[in-house]
Amino acid sequence: MATEQATANGISITYEDKGPRDAPAILLVMGLGGQLTLWPDEFVDALVARGFRVIRYDNRDVGLSTRFDAAGVPNLKWMFVKAALKLPVRSAYTLADMAADGVALLDHLGIERAHVVGASMGGMIAQHIAARYPGRVLSLTSIMSTTGNPRLPRAQKEAMRVLANRPMSGDPEAMIAYSVNAARVIGSPDYPAEEERLQRRVRGDYERGWYPQGVARQMAAIVADGDRRPMLKSITAPTLVIHGEADPLVPLAGGRDTAEHIPRARLMTIPGMGHDLPLALVDTLSGAIADHARGVALAA
């Protein structure tokens, strides 16, 4: 994979830019701790084949983008307690800062407006981009994400447990085994990943940029962000919300709540899909996103 570096929003962002430079741009924003490689190559290629220029990147504090070591590692358990008590939570940076990173990357690439697609935490960041930079967003697609509504159902216990016990250091083989297990726990029950491919992807990501300290700071940014429902009401971009009906980490109610609070948003639910982007659904997902983007262009 040929990646490049951009200096954007005062940090270094690693990105990949694929497809014709004069095609409509899609900016892919990944979720908690996910490197740009978590967007399957087949998914990116499917969007390019459908006539788009596709940009995927490492968020700050993950992969090969700038790391915030000086900020230290937050005490997440104490942070969750404070959030439950409705006390202010501090984080090294905010989801709004991460949204500004995505827009700064578009600036670096000379892209005035883009279709913005975010998964999980990336969906939250994409929501911020659409709300804060409406002139830059042609359309929004929020995948397996949520609103921050504290009344929504929580993650299933096993999914919460595996993420809460993410090791910070240790034997590489143990770290890889943990990541494979975590992917299985939160993944799609009807579309399980092929074992050899999953092992290869996890090992490649570990060797490319394993950095759990950054994941903790990103989690802190999510907790500190709170309830986005008032902000979502201001989004004017045509919005598609995609959610798996079998998501154990962000239950389907999170997708429904997102669609209910973004004006005129459409909700697409997928039976048997969990909290991942399975290869078996590449055509379904890329087709839905492309159709959504084309519909916006036709309506313009």
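Axes here are lines fitted to C-alpha atoms, for helices over the stretch in contact, and angles run from 0 to 180 degrees between N-to-C directions. Helices (H or I, at least four residues) and strands (E, at least two) are DSSP runs, numbered from the N terminus.

The model before you is predicted: local features need pLDDT of at least 70, side-chain atom pairs count only at pLDDT 80 or more, and totals for chains, interfaces and linings use all residues. Residues are numbered from 1 along each chain as its sequence is written, and side-chain values use heavy atoms, without hydrogens and water.

I begin with a helix pair. Helix H5 (residues 157-164) packs against helix H6 (residues 172-186) at an angle of about 155°, the axes being 9 Å apart. H5 is therefore roughly antiparallel to H6, a term for angles over 145 degrees. In contact (heavy atoms within 4.5 Å), Glu 158, Ala 159, Val 162 and Leu 163 of H5 meet Tyr 178, Asn 181, Ala 182, Val 185 and Ile 186 of H6.

I turn now to the sheet. Eight strands form an open sheet of mixed pairing, in the order S1-S2-S4-S3-S5-S6-S7-S8; two strands pair if DSSP finds at least two bridges between them. From one strand to the next, the twist averages 25°.

Within this sheet, strand S3 (residues 25-29) and strand S4 (residues 53-57) run parallel and are joined by four bridges. Leu 28 stands opposite Arg 56 in S4. Helix H1 (residues 41-49) lies across strand S2 (11-18), S3 and S4, running at about 150° to S4.

Methods: Angles under 35 degrees count as roughly parallel, over 145 as roughly antiparallel, 65 to 115 as roughly perpendicular and the rest as oblique.
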